[in-house]
Amino acid sequence: MGLSFTVLLISLSFLLFPFVSSNSNEVSQSSESVIVIEGKTALLTCSTTVAGRIIQWYSQYPNGPMKHLVSGTGDRGRINARFNSTEKTSALTVHDARMIDSATYFCAVETQCNEDR
């Protein structure tokens with residue numbers, strides 16, 4: 001009897017909400033894509049240079065709208081995120097990966113403008 005498994009491709013992109021800011025802000029990711037066997041765990045990581053901001057996670061299926069998953073630290077079923085404010089990093093974990101999880105995942109951070117008055 002042969003061994004059979006399904007390979008999933010989970011893409012990770014990054015997004016910096018471009019609210020007006022005078023600083024050079026950056027969001028970076030661990031890798032462009034993660035390949036995971038169905039039923040296993042996928043781990044995506046993201047970091048930012050923006051102090052005091054929480055990393056947001058989104059997913060998007062091909063030809064579909066972007067969907068908000070988690071802000072900071074939180075759980076959404078088999079998907080959870082852990083935000084480390086000291087290191088300014090976030091880890092998104094997809095447990096028991098399924099074909100439905102094959103999507104592009106975005107990490108984002110919102111910046112604020114500093115208004116001189």
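**Group meeting: a strand-only model and its salt bridges**

Hi everyone, let me start with a side chain: Asp-96 is partly exposed, at 35% relative accessible area. Its side chain meets that of Arg-98 in a salt bridge, 3.3 Å from N to O, and Arg-98 is partly exposed too, at 38%. Please keep in mind that this is a predicted model.

How many salt bridges does the structure hold? There are 3. Another one joins the side chains of Asp-75 and Arg-82, with N to O at 3.1 Å. Here Asp-75 is exposed, with 57% relative accessibility, while Arg-82 is partly exposed at 40%.

Then we have Asp-101 and Arg-78, whose side chains meet at 2.9 Å, N to O. This pair links distant parts of the chain, 23 residues apart: Asp-101 sits in the loop between S9 and S10, and Arg-78 in the loop between strand S7 (74-76) and S8. Is Asp-101 buried or exposed? At 4% relative accessibility, Asp-101 is buried, whereas Arg-78 is partly exposed at 22%.

Now, the overall picture. The protein has 10 strands and 0 helices. Of its 117 residues, 33% are buried. Among contacts with a separation of 6 or more, 59% are between residues 24 or more positions apart.

Finally, the inside. The largest nonpolar core has 21 residues, and Trp-57 and Leu-92 have the most contacts inside it. Elements giving two or more residues to this core include strand S5 (55-60) and strand S9 (89-94). Beyond its neighbours within four places in sequence, Leu-92 touches Trp-57, Leu-69, Ile-79 and Tyr-105, among others.

Methods. Residues numbered from 1 in each chain as written. Predicted model: local features only at pLDDT ≥ 70, side-chain atom pairs only at ≥ 80, totals over all residues. Heavy atoms only, no water. Helix = DSSP H or I, 4+ residues; strand = E, 2+ residues; numbered from the N terminus. Buried < 20%, exposed > 50% of the residue type's maximum accessible area, 1.4 Å probe, protein only. Contact = heavy atoms within 4.5 Å. Core = buried A, V, L, I, M, F, W, Y, C linked by side-chain atoms within 4.5 Å. Salt bridge = Lys/Arg side-chain N within 4 Å of Asp/Glu carboxyl O.
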